[in-house]
Amino acid sequence: MERKAGILLHPTSLPGTAGIGTLGKNAFEFIDWLEKAGMKIWQVLPLGPTGYGDSPYQSFSTFALNPLLIDFEDLVVRGWANKKDTKKPSYIKMTGKVDFGAVVWWKSHALKEIAKSFLEIITNPEATTSENYDPNTKAEFFAFCRENQYWLKDYAAFTSIKSFYDAKAAKEAEAKRCAVPGTWNVYWDKELSKHDEKAVEKWVNEHTEDFLQTEVIQFFAAKQWAAVHEYAKSKGIQIVGDIPIFVAADSSDVWANQGLFKIGSDGQFSAVAGVPPDYFSATGQLWGNPLYDWDAMKKDGYAWWIARIKKMLSLVDCVRIDHFRGFESYWAVPFGSLTAETGKWEKGPGIELFDAIKKELGELPLIAEDLGIITEEVRALRDDAKLPGMKVLQFAFDKNEWKQGSLKNVFLPHNFETTNCVAYTGTHDNDTTQGLFESLDDESLVLIADYLTGEKNSVEKTKKLLASKKLTKAFVKSIFASTASIAVVPLQDVYTLGTYARMNTPSTSGTNWAWRAEKGQISGTKAEKAAAWLKNLCVLYAR
């Protein structure tokens, strides 16, 4: 595998647009910056519409794109929207962290109005005043709907039904002063919740405008993402996407494919996903995702998974599969448990799933997120599937090993057992490297300083290295210098940002996924300087 390097930055973190990062001109500027920095990879998080906790790992659809990423300025330029429908309200800020509540309220309503206008425009092209309007747009839109019908029809229906029942449930909850029920299987009409085809068809026929608007919004997102992806390709940059192994309970995926999940006759999940107590949480992580019925999936040759991978590979060049170990065995937590401690390990599909996917799609450009409790069986599955794993340098340092006179941690660069891996300073679930260093005890910090500098460092000298940000920069340098084929750095670590720039803290909600870069971090003097530093590392370490 060719040695190369890249940057981890989710599009929502791009700067320069109202409320949230988008697929507009700043995405193209970021790609230009990646090229200047010698980067060959742009890694993103899952691209689907976000649900609970604004998490990209809890999406309403694994096939759809996040409408919040749609760039309004681009829609106006294309002649698909009027400026008045895209005007930023006063409560939406241009900089600072994403206020998801405000952004969702604004953009979801604005997109519905824009979609309504778009449907009028494709019927009567004279309705737009733009000179850029492409007369082939109507044909493109309907072709998009036909090509994506296998998931889009259910997603558009799900979105329409959910919108109605969410509003109804909210009113009832307000009157009764109680919480709003969680998912479709709790409070929808019985026939609709069971995905009865006649009931769903009847709903769609009675709510055609809602249905079409969702299809239009997905068309917008698909066109803009395709333009970004093509531009990245033209600059020699691959986009690495991300697929969570599990899908959200409140999703069109589960609702429309109930026979592929462990769901009882009463519509309730028999068990849900999570992980046992680990580095991130003493009580484990209770994710709440419904579990797959792997026996049912096997009967049709894992067709749903094949369609999922195929769709993702039409959007990106390579895919990281989150929680890869769950394919070997997964942590099943009884439904209703308050923590993940009560779960147990159950067997996954193993290599059979990957053989089925390869048979259909060929060799797979996948990355296995092999973190957490990794057994020999999980390693064997990763190797049998011929997938690179991950090495996270933040997990590498154990002061107890240091005291014993030998550093054997598998995440240390000198212990990488293969070049077929992807090395990271940290991931979206980690603190920023500077933030982590600032939280460590003196002994741990000195160990890291000794490793990175190759010298014996006093506490005082180490703290000076920390304050000057040199320690974090040496951390970045270390993964570039490693034998890993690919080195990936979160943009936060390029600029040695502190904990305030952390993307996610596992097992918490309400403040995650909101960090945004500053404009000067992708263009301008500061960005040029950072690009030159990274480019030099690429030259020095043949990336």
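Student: Which residues does T137 touch, not counting residues up to four places away in sequence?

Tutor: Bear in mind that this is a predicted model. T137 lies in helix α5, and it is buried, with a relative accessible area of 2%. Leaving out residues up to four places away in sequence, the residues that T137 touches are W80, F118, I122 and F219.

Student: How are the rings of F118 and F141 arranged?

Tutor: A pair of aromatic rings is described by the distance of the centres and the angle of the planes. For F118 and F141 the centres are 5.8 Å apart and the planes stand at 80°. Planes over 60 degrees apart count as edge-to-face. The pair of F118 and F141 is therefore edge-to-face.

Student: How many residues apart in sequence are the parts that this pair ties together?

Tutor: F118 belongs to helix α4, residues 100-123, while F141 belongs to helix α5, residues 137-147.

Student: Is F141 buried or exposed?

Tutor: The cut-off for buried is under 20% relative accessible area. F141 has a relative accessibility of 0%.

Student: What kind of aromatic pair do F246 and W287 form?

Tutor: The distance from centre to centre is 6.4 Å, and the angle between the planes is 55°. Planes under 30 degrees apart count as stacked and those over 60 as edge-to-face, with the rest as tilted. The pair of F246 and W287 is therefore neither stacked nor edge-to-face, but tilted.

Student: Where in the chain do F246 and W287 lie, and how many residues apart are they?

Tutor: F246 sits in the loop between β3 (238-244) and α11 (252-256). W287 is in strand β5, residues 285-290. The pair links distant parts of the chain, and the separation is 41 residues.

Student: Is W287 buried, exposed or partly exposed?

Tutor: Buried needs under 20% relative accessible area and exposed needs over 50%, with partly exposed in between. F246 is buried at 5%. W287 has a relative accessibility of 28%, so it counts as partly exposed.

Student: Over which ring does the charged end of K473 sit?

Tutor: A charge sits over a ring only if it is within 6 Å of the ring centre, among other conditions. The charged end of K473 is 4.4 Å from the centre of its ring. That ring belongs to W533.

Student: Which helix supplies the largest share of the lining of the second largest pocket?

Tutor: The second largest pocket has a volume of about 1,000 Å³, and 32 residues line it. Helices α4, α6 (149-176) and α10 (208-234) each supply at least two residues of that lining. The largest share is nine residues, and it comes from α4.

Student: How many residues of that lining are charged?

Tutor: The lining of the second largest pocket divides into nonpolar, polar and charged residues. There are 15 nonpolar and 12 polar residues. The number of charged residues is five.

Student: Which residues is Y500 in contact with, leaving aside its neighbours within four places in sequence?

Tutor: Y500 lies in the loop between α21 (491-494) and α22 (525-540). At 53% relative accessibility, Y500 counts as exposed. With the neighbours within four places in sequence left aside, the contacts of Y500 are K97 and W515.

Key
Residues numbered from 1 in each chain as written. Predicted model: local features only at pLDDT ≥ 70, side-chain atom pairs only at ≥ 80, totals over all residues. Heavy atoms only, no water. Phe/Tyr/Trp six-rings, centres within 6.5 Å; stacked < 30°, edge-to-face > 60°. Helix = DSSP H or I, 4+ residues; strand = E, 2+ residues; numbered from the N terminus. Buried < 20%, exposed > 50% of the residue type's maximum accessible area, 1.4 Å probe, protein only. Lys NZ or Arg CZ within 6 Å of the ring centre and 35° of its normal. Contact = heavy atoms within 4.5 Å. 1 Å grid on protein atoms, 1.4 Å probe; cavity = no way out; pocket = protein on both sides within 12 Å on 5 of 7 lines; lining within 4 Å. Points joined across faces, edges and corners; volume = space filled by probe spheres on them. Nonpolar A, V, L, I, M, F, W, Y, C, P; charged D, E, K, R; others polar.
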